[in-house]
Amino acid sequence: MNPAKRCGRKAILASLLVLVALWPLAAWAHVESGQAGGFLSGLSHPVSGLDHVVAMIAVGLWGAQLGMPALWVLPVAFPMLMAFGGMLGLIGIPLPGVEIGIALSAVVLGALVLGRVRLPLAVAVIVVACFAVFHGHAHGTELQAGQNAMLYSLGFVIATGLLHGVGITSGLIQRWEPGAQILRGAGALVMAAGLYFLWGAAT
Amino acid sequence: MKRLGLLPWLAAGLAALPGAAQAHLVNSGLGPFYDGALHLLLSPGDLLGLLALALLAGLRGTTAARAAVTALPTALLLAGLIGLTLPVIPNLAWLSTLAFMLLGVLVAFDVRLPPVIIAALAGVYGTLLGLLNGSTLATMDAGVGSLLGIVLTAFMLVLLASAAVVPLHAFWARITVRVAGSWVVAVGMLMLGWLAQGAV
């Protein structure tokens with residue numbers, strides 16, 4: 001090969017290497033650290049897991065089907081009982097079969113919405129309370145290091161409450177005749193998702 | 001040439017000495033009053049307690065709200081002045097958590113308390129906040145100016161929040177307030193767990 005050509009290639013190669021070495025990396029600006037990170041982490045945590053999302057929405061849907069007073073009793077009771085489950089997890093009290101319990105919550109709540117089952121208020125609260133404890137035990141304790149525990153808890157509780165709100169608001173379509181059927185269809189979807197989660201938890 | 005001897009080593013040693021940690025209030029750049037105000041606004045536990053107290057007072061009507069709005073800042077100021085003279089109070093996060101949880105329970109269950117009891121609750125909560133904040137301010141070399149910032153901010157927050165709740169008569173609006181109370185309880189329960197775990 002012509003020495004001049006070889007020299008030219010080497011120069012190009014060296015230039016390319018220098019170019020790659022000096023290429024600026026994309027700047028990943030992130031402001032959500034520390035305190036703000038705790039709140040955003042808590043806020044996004046319930047929304048990031050489909051198992052939690054469908055069960056929370058199903059609580060709202062079922063409350064809408066049951067009407068007064070379950071419509072407001074369930075969303076008032078759920079956060080407190082969920083936090084109670086979280087507290088049990090934090091103080092080290094184990095809860096066997098948490099993942100199965102969470103998957104079952106979607107199956108049972110979905111079935112209740114699908115069947116438009118009307119249970120007495122006390123029984124409805126007990127059913128929801130049992131599942132709330134499982135959800136709190138599994139999800140309420142996942143604080144990342146360096147983040148503010150109180151703001152994480154606040155974000156977690158607010159996001160869960162807002163998911164109930166989505167369920168209740170969506171459940172209002174039952175006032176419209178076809179809407180009641182659509183609502184039952186949504187229950188079937190929740191139940192199917194629960195069965196999928198149950199399959200995943202059992203295997 | 002004159003030899004420096006041990007002098008550079010001494011200087012290097014002094015430079016390497018760890019300084020005492022000087023805890024200080026958040027610096028607003030606007031003076032101690034606003035530093036105090038900002039200190040309260042950046043304390044989520046205190047804010048939750050004040051919010052729950054305002055919701056509770058607001059749910060019980062104008063008389064109860066006026067009683068709370070009077071009792072809270074008075075107690076907060078007096079206890080804060082005492083707190084400024086006290087030695088450092090040990091970390092009582094669990095006590096303030098239990099306090100805002102109790103207020104949240106009263107809101108969530110819409111417990112019908114007379115205005116006198118609401119005023120007493122506001123006074124007790126104000127005393128607790130005052131002692132804790134006053135003692136904290138003393139350790140940060142902050143004084144009465146910062147305490148006044150805390151007191152007036154707490155007063156404004158409770159005044160505005162309770163005034164927003166008092167006119168709510170629609171069933172749904174009152175339920176929303178009770179749901180907010182249940183959220184305060186839920187945060188408190190999780191906080192108790194974190195405190196027991198030692199993560200806070």
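## A helix in chain B

Let's start inside chain B of this predicted model. Helix H7 of chain B covers residues 144–165, which makes 22 residues. From its first C-alpha to its last, H7 of chain B reaches 31 Å, close to the 32 Å expected at 1.5 Å a residue.

## Two buried loop residues

Staying with chain B, have a look at B:Asp110, in the loop between helix H5 (93–108) and H6. Is B:Asp110 buried or exposed? Its relative accessible area is 11%, and the cut-off for buried is under 20%, so B:Asp110 counts as buried. Leaving aside residues up to four places away in sequence, B:Asp110 touches B:Leu59, B:Arg60 and B:Arg178.

A:Gly49 sits between helix H2 (34–48) and helix H3 (50–66) of chain A. A:Gly49 is buried because its relative accessibility is 15%. In sequence, A:Gly49 and A:His139 are 90 residues apart, while in space they are 9.2 Å apart, C-alpha to C-alpha.

## Where the chains meet

Now for the contact between the two chains. Chain A brings 28 residues to this contact and chain B brings 25 residues. About 2300 Å² is buried between chain A and chain B, and carbon and sulfur atoms give 86% of that area. Which three residues supply more than any other three of the area that chain A buries against chain B? They are A:Met80, A:Leu90 and A:Met150, with 29% of that area.

On the side of chain A that touches chain B, the elements giving two or more residues are helix H4 (70–90) and helix H7 (149–171) of chain A. By class, this side of chain A has 22 nonpolar, five polar and one charged residues.

How many salt bridges are there between chain A and chain B? The count is zero. Polar contact between chain A and chain B comes to two residue pairs, both at pLDDT 80 or more.

Key
Residues are numbered from 1 along each chain as its sequence is written. Chains are lettered from A and ligands numbered from 1 in the order in which they are written. This is a predicted model: local features need pLDDT of at least 70, side-chain atom pairs count only at pLDDT 80 or more; totals for chains, interfaces and linings use all residues. Side-chain values use heavy atoms; hydrogens and water are left out. Contact means heavy atoms within 4.5 Å. Buried area is the accessible area (1.4 Å probe) that two parts lose on being put together, summed over both. A salt bridge is a side-chain nitrogen of Lys or Arg within 4 Å of a carboxyl oxygen of Asp or Glu. A polar contact is a pair of N or O atoms within 3.5 Å; within protein, one must be able to donate a hydrogen and the other to accept it, and residues adjacent in sequence count only if both atoms are side-chain atoms. Helices (H or I, at least four residues) and strands (E, at least two) are DSSP runs, numbered from the N terminus. Ala, Val, Leu, Ile, Met, Phe, Trp, Tyr, Cys and Pro count as nonpolar, Asp, Glu, Lys and Arg as charged, and the others, Gly among them, as polar. The expected span of a helix is 1.5 Å times one less than its number of residues. Buried means under 20% relative accessible area, exposed over 50%, partly exposed in between (1.4 Å probe, protein chains only).
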